Amino acid sequence: ENLGSVSEKLFKIIIIGDPTVGKTSFVQRYVNETYRRDYKGTIGVDFALKVIKWNEETNIKLQLWDIAGQERFTSMTRVYYKDAHACVIMFDLTQKTSFQNSLKWKMDLDSKCTLPDGSYIPCVLLANKCDLQHREVEQPEIENFCKENDFIGWTEISVKENLMVEEAMKFLIEEMMMKY
Ligand code: GDP
Ligand code: MG
């Protein structure tokens, strides 16, 4: 019987993707429930902490790593990926190249970050800025891409309008709770 003890789980989640797709805005929205038009590109790595009461027995501490200003493939990413439990790869629906580069990000991640059993860490693909009209990437294309490249799932989101941000993270947490 549980005598009132609460267990705590700590998960490290890394957020990667091309510059300007909305990574910093996403972290700020999810952690601080705010949205601003400009986050000055910090150099290095920013991280934010969010504590969630998952249920009566479990608290979850999420450490969200924002790859601020290091959006290039350097040896830096290896340090950044170290001991991550899950990953968010983000692109901008109105910037085709950011979608194409999602594959480079996934390959960089999988080549540097595997679990002790050899499997890849759970990774979701987030298609941001669905509030904008002029999109350059269509749903069937994203669907195929996601299946072919071992993402656990994808969704369109708008950090600006606060659409699907919470839901996407809940999905990722559920995945981690099953896996770890
Ligand atoms: P990062 O470089 O990936 O960290 O991107 P930022 O979070 O700095 O965002 C880049 C720009 O995109 C900023 O001007 C944001 O306000 C804007 N932005 C972020 N999310 C959205 C969104 O959902 N919709 C729209 N229209 N703009 C967004
Ligand atoms: Mg940023």
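Q: How far apart are the end C-alpha atoms of helix α3?
A: They are 25 Å apart. Helix α3 covers residues 96–112, and at 1.5 Å a residue its 17 residues should span 24 Å, so the two values agree. The expected span is 1.5 Å times one less than the number of residues. Helices (H or I, at least four residues) and strands (E, at least two) are DSSP runs, numbered from the N terminus.

Q: Anything I should know about the model before we go on?
A: This is a predicted model, where local features need pLDDT of at least 70 and side-chain atom pairs count only at pLDDT 80 or more, while totals for chains, interfaces and linings use all residues. Residues are numbered from 1 along each chain as its sequence is written, chains are lettered from A and ligands numbered from 1 in the order in which they are written, and side-chain values use heavy atoms, leaving out hydrogens and water.

Q: OK, back to α3. Which of its residues are buried?
A: S98, F99, N101, S102, W105, K106, D108, L109 and D110. Buried means under 20% relative accessible area, with exposed over 50% and partly exposed in between (1.4 Å probe, protein chains only).

Q: And what do those buried residues pack against?
A: They pack against β1 (7–16), α2 (76–81), β4 (86–92), β5 (123–128) and α4 (139–148). Contact here means heavy atoms within 4.5 Å.

Q: Now the sheet: what order do the strands come in?
A: It's an open sheet of six strands in the order β2-β3-β1-β4-β5-β6, with mixed pairing. Two strands pair if DSSP finds at least two bridges between them. At the edges sit β2 (46–53) and β6 (153–156), each pairing on one side only. From one strand to the next, the twist averages 20°.

Q: Do β2 and β3 run parallel or antiparallel?
A: Antiparallel, and eight bridges join them. The two strands form a hairpin with four residues between them. V51 stands opposite K61 in β3.

Q: What about β4 and β5, parallel or antiparallel?
A: Those run parallel, joined by six bridges. There, M90 stands opposite L126 in β5.

Q: Switching to α1: how many of its residues are buried?
A: Seven of its ten, so α1 is mostly covered. The buried ones are K23, S25, F26, V27, R29, Y30 and V31. Their cover includes β1, β2, β3, β4, β5 and α5. Just after α1, E33 takes a positive phi of about 55°.

Q: At what angle do α1 and α5 pack?
A: Helix α1 (residues 23–32) and helix α5 (residues 165–179) pack at about 85°, with their axes 10 Å apart. The two are therefore roughly perpendicular. Axes are lines fitted to C-alpha atoms, for helices over the stretch in contact, and angles run from 0 to 180 degrees between N-to-C directions. Under 35 degrees counts as roughly parallel, over 145 as roughly antiparallel, 65 to 115 as roughly perpendicular and the rest as oblique.

Q: Which residues make that contact?
A: F26, R29 and Y30 from α1, with V165, E166, M169 and I173 from α5.

Q: Where does α5 touch the sheet?
A: α5 touches β1, β2, β3, β4, β5 and β6, and its direction makes about 115° with that of β3.

Q: Last one: is T155 buried or exposed?
A: T155 is buried, with a relative accessible area of 17%. T155 is found in strand β6 and touches L125, L126, A127, M164 and A168, not counting residues up to four places away in sequence. V165 is ten residues from T155 in sequence and 9.4 Å away in space, C-alpha to C-alpha.
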